[in-house]
Amino acid sequence: MSVDKETVARIAHLARINVPEESLESIAGDLNNILAWVDQLSEVNTDDVEPMTSVVHARLRQREDVVNDGGKRDAVLKNAPETEHGFFAVPKVLE
Amino acid sequence: MTKLTDLSMADALAGLDNKDFTSVELTEAYVAAVEGGTSINAYTTQTPEKALEMAAAADASRAAGTAGPMAGIPLAIKDLYCTEGVLTTASSHILDGFTPAYESTVTSNLWRDGAVMLGKVSLDEFAMGSSNETSFYGAVENPWRAGDGKSRVPGGSSGGSAAAVAAHMAVAATGTDTGGSIRQPASFCGLVGIKPTYGRCSRWGVIAFASSLDQPGPITRSVKDAAIMLGSMAGYDAKDSTSIDTPVPDYAAALTGDIRGLKVGIPKEYRLDDAPAEILALWDQGVDWLKAAGAEIIDISLPHTKYALPTYYIVAPAEASSNLARYDGVKYGLRVPGDSLDSMYANTRAEGFGDEVTRRILIGTYVLSAGYYDAYYLKAQKLRTLIAQDFENAYASCDVILTPTAPSAAFGPGENADDPISMYLNDVFTVPASLAGVPGISIPAGLSGDGLPLGLQLLGKPFDEETVLRVAGVLEEAANFTAQPNNWWTGDKS
Amino acid sequence: MSAGKSNLIAGATGDWEVVIGLEVHAQISSEAKLFSGASTKFGAEPNTQVSLVDAAMPGMLPVINRECVKQAIRTGLALGAQINCYSVFDRKNYFYADLPQGYQISQFKQPIVGKGTITLDFLDGSTKEVGIERLHLEQDAGKSLHDQHPTMTYIDLNRSGVALMEIVSDPDMRSAEEAGAYLRKIRTIVRYIGSCDGNMEQGSMRADVNVSVRRPGEELGTRCEMKNINSIRFAQQAIEYEARRQIDILEDGGTIKQETRLYDSVLGETRTMRSKEEAHDYRYFPDPDLLPLEFEQSWVDELAAELPELPDDKKNRLMADLNLPSYDAGILVSEPEIATYYEVVAKGRDAKTAANWVITNLFAALNAQGKSITDSPVSPDQLGQLIDLITDDTISGRIAKDVFEVMIKTSDDPAKIVEEKGLKQITDTGAIEGMIDQIIADNPDQVTQYAGGENPKVIGWFVGQVMKASQGKANPGAVNKLLKEKLG
Ligand SMILES: [Mg+2]
Ligand SMILES: [Zn+2]
């Protein structure tokens with residue numbers, strides 16, 4: 001499996017990171033090196049192996065249905081780059 | 001007379017109890033040391049006023065007889081821990097100006113026990129790195145320099161933490177370890193660093209890199225200090241679904257020095273062909289020390305060791321690519337405008353993330369993307385099962401495992417910069433335990449030919465930090481590592 | 001089965017079959033959110049019901065709400081579905097303004113509820129089985145407001161993190177009518193067990209509608225999805241429009257492009273979303289902040305035992321035990337509040353009479369006032385008392401209608417109204433006889449007609465006259481009996 005410039009552009013878009021055209025080639029090279037290196041995993045037969053879900057051997061705890069949070073709009077908004085009337089504000093989205 | 005900043009945590013606590021000095025005095029000494037050590041670039045934010053306030057409160061609690069187990073001890077906090085009202089950056093441009101309205105559970109535990117915050121210390125951006133060179137706020141220098149006087153990196157990602165403690169700019173520091181980020185910098189800086197069992201310390205309020213691997217832990221100057229500080233940091237937290245509800249033992253009490261009959265496993269797969277001779281020699285030395293103390297040495301096999309690094313470099317970037325999606329210029333931090341929402345996202349994230357973070361996000365996005373998930377991510381999670389089973393099998397015949405911490409002493413700035421994989425190889429000995437979730441500690445055990453510290457690593461059974469610490473205490477005593485970096489940084493204040 | 005019913009749509013080149021699958025997002029009626037302790041209440045000031053977890057602050061972690069798990073299990077049980085005691089939460093990764101984490105915590109490969117079946121009821125009494133593919137738990141997104149500012153979109157995270165059940169059907173529906181019946185049935189079920197309030201206007205139940213068309217018997221066609229439709233009527237309109245659009249394209253030799261389309265309820269049409277449709281790649285993977293969700297079968301059994309009577313069971317019982325026709329029973333069980341109301345009215349009374357009063361009179365009155373049964377001015381006890389007054393001959397059925405009208409206006413007890421207005425039925429035969437005698441005396445022509453047998457219906461005319469004279473209060477039975485005697 002080899003990553004080309006188009007693939008880098010596609011995953012950069014999926015990841016919402018602007019990658020300039022002139023960097024695509026070198027990033028593709030980097031990714032290919034790493035992917036070639038991790039490819040050694042394919043030499044291990046894992047047909048009957050369960051994928052790990054968590055190293056923690058415990059059951060997911062379930063909390064009670066109690067309202068004990070919220071009501072802290074100032075804390076929620078205080079670091080926002082732009083707010084309006086208690087809302088976060090972002091460039092207009094066209095649907 | 002010993003300087004206050006030369007005291008270990010245990011000795012400082014004894015001195016405070018004995019009224020030899022106050023926490024305010026101790027803290028003032030550290031504040032001065034922090035100011036005098038800016039050329040190391042360990043601190044991203046200093047909080048001297050806060051430190052002195054907390055120190056005064058610790059003194060008052062001591063006078064009132066209500067002092068906690070860490071009352072009055074000045075600490076450096078890795079800038080990955082959210083601290084209420086104090087700038088928290090993850091050493092990333094993308095968190096510009098972010099001041100949390102909340103305090104991480106682990107730091108809350110430390111403040112509850114009376115510890116004092118000197119400030120926030122640098123790390124590789126979002127904890128991704130092994131040299132602390134990827135911080136947006138500049139590289140951190142290792143207080144240790146090689147015999148030729150040339151600079152060395154402090155390791156990473158908790159490089160600022162290790163540098164601050166090694167330079168006596170903090171009694172101890174918090175770190176986080178995802179694939180070795182506590183143990184490797186501890187090894188590079190001649191310190192003790194413990195990564196507890198996954199689930200032992202709460203991750204709540206610690207900025208996530210790879211959720212299934214991240215684990216907070218202390219970096220200290222002695223095993224006893226590590227035991228004291230881990231006792232404060234650890235504990236069940238209902239706010240973290242992966243935190244384990246099991247009592248925290250008295251770790252310091254575990255340091256009995258008695259390891260007679262204890263079985264120490266030596267994994268043959270860690271004996272890398274190209275490892276430097278001095279690393280292998282130190283490892284052999286460690287075996288001899290433990291044998292001399294009455295431990296039984298057992299050859300073990302961790303057959304999937306060689307797959308640990310590639311497994312890690314799939315799992316960690318995959319999780320990171322998702323964990324870092326929240327940095328989008330909407331809720332906090334940097335925003336770079338764009339003519340649409342998507343271009344605002346893409347501009348913000350391009351400018352906000354450095355090269356290594358971008359590289360890992362892209363790799364992580366790729367290995368999770370349609371058509372590649374099974375070949376990479378699923379495959380890696382299966383390998384992870386095998387790696388964890390290796391440890392389970394090994395612990396059927398031994399109590400702890402002894403290995404080197406890192407394949408080399410601290411290297412020079414830029415040395416691994418052009419090749420990500422050579423940088424990743426730094427974690428070859430630390431990553432397997434991270435993948436298996438088991439506890440690990442690095443103890444300074446000797447000096448390289450270059451005069452740089454070298455560490456030995458002990459790995460233990462899940463939630464058996466006590467045995468890990470006890471054996472570490474024995475190694476520490478045998479190694480009698482007393483070397484200190486020369487104080488080059490205090491001379492060239494500008 | 002409505003097997004006899006043909007749902008085929010006639011095209012210019014032959015018949016077409018429309019194939020519909022539905023994904024319903026139902027907000028769980030919990031106090032707090034799925035993974036945070038913030039309130040779920042609707043309509044609060046923006047961003048006031050947001051925890052640091054919901055706002056995806058750095059280092060924040062999810063902890064699951066047991067109530068939401070419980071309601072998902074109960075809903076699964078009510079859908080007759082497989083409950084999975086081991087399920088896994090996955091992250092669905094995508095960027096959107098109202099998705100603060102950059103991913104939605106959902107369930108992908110291993111949902112909490114697996115396959116099930118529900119039965120749809122139609123007005124003609126026919127039914128149809130529809131397969132449930134799965135039900136999974138997931139977080140709701142926040143809300144984007146696009147029309148508040150010329151160049152900005154506003155984001156409110158109050159809804160961010162509220163628990164949703166996504167209920168996915170098999171592509172078993174073949175008409176807008178069936179899709180409507182499906183949505184009504186899902187709403188009825190969740191409302192019966194109280195896992196969701198089913199309020200589509202407030203968005204607590206929303207539907208994604210998948211539509212494709214094909215020639216009968218052929219392979220499934222390419223589908224289009226209309227997301228977030230918030231009324232059953234709109235869902236049906238969207239299906240009708242979309243099926244016709246696809247048929248027209250195919251008959252013109254075109255092909256259907258798989259896409260997400262917007263249903264515009266004002267124009268009554270679907271259209272391609274203006275924002276560039278891109279290939280989605282959600283990069284699902286198990287959420288490493290959570291462990292797999294595991295619980296005992298014994299908990300499931302307990303919840304099953306405590307489940308209230310479900311609409312299908314109730315309907316069957318009303319038909320079997322009370323002899324109600326399927327049509328009546330179907331209407332009465334359609335809402336839990338109606339069923340409860342009806343069962344109070346019917347208790348110890350004639351079931352069919354009670355059903356008629358509820359379905360005909362009460363519903364008409366409520367409709368006229370734009371009220372729902374929960375704020376009915378006439379309580380079920382009062383309606384029962386009214387029926388009792390008819391049964392024990394205190395008033396006639398006709399007078400009862402007048403009394404009911406007053407009850408709707410005043411909420412007074414029927415006995416009080418009858419008393420105050422003097423509407424008690426005249427059962428005193430002497431008084432009725434007097435009236436009859438007078439009428440016979442005054443109308444010799446009609447008497448002759450009756451006696452001549454020319455028009456036996458003329459007795460009806462006499463009854464009318466007596467009722468008129470008695471202002472409707474004469475007991476109709478007594479009037480009939482006495483008239484026949486007198487007119488011989
Ligand atoms: Mg959907
Ligand atoms: Zn959904």
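Colleague: What stands opposite A:R63?

Modeller: C:N65, in β3(C), stands opposite A:R63. This is a predicted model, in which local features need pLDDT of at least 70, side-chain atom pairs count only at pLDDT 80 or more, and totals for chains, interfaces and linings use all residues. Residues are numbered from 1 along each chain as its sequence is written, chains are lettered from A in the order in which they are written, and side-chain values use heavy atoms, without hydrogens and water.

Colleague: What makes C:E296 and A:R59 a salt bridge?

Modeller: The term requires a side-chain nitrogen of Lys or Arg within 4 Å of a carboxyl oxygen of Asp or Glu. In C:E296 and A:R59 the closest N and O atoms are 3.1 Å apart, so the pair qualifies. The count between chain A and chain C is two salt bridges.

Colleague: How many residues of each chain are in contact?

Modeller: 40 residues of chain A are in contact with 54 residues of chain C, contact being heavy atoms within 4.5 Å.

Colleague: What is the area buried between chain A and chain C?

Modeller: About 4200 Å², with carbon and sulfur atoms giving 57%. Buried area is the accessible area (1.4 Å probe) that two parts lose on being put together, summed over both.

Technical notes:
Two strands pair if DSSP finds at least two bridges between them. Helices (H or I, at least four residues) and strands (E, at least two) are DSSP runs, numbered from the N terminus.
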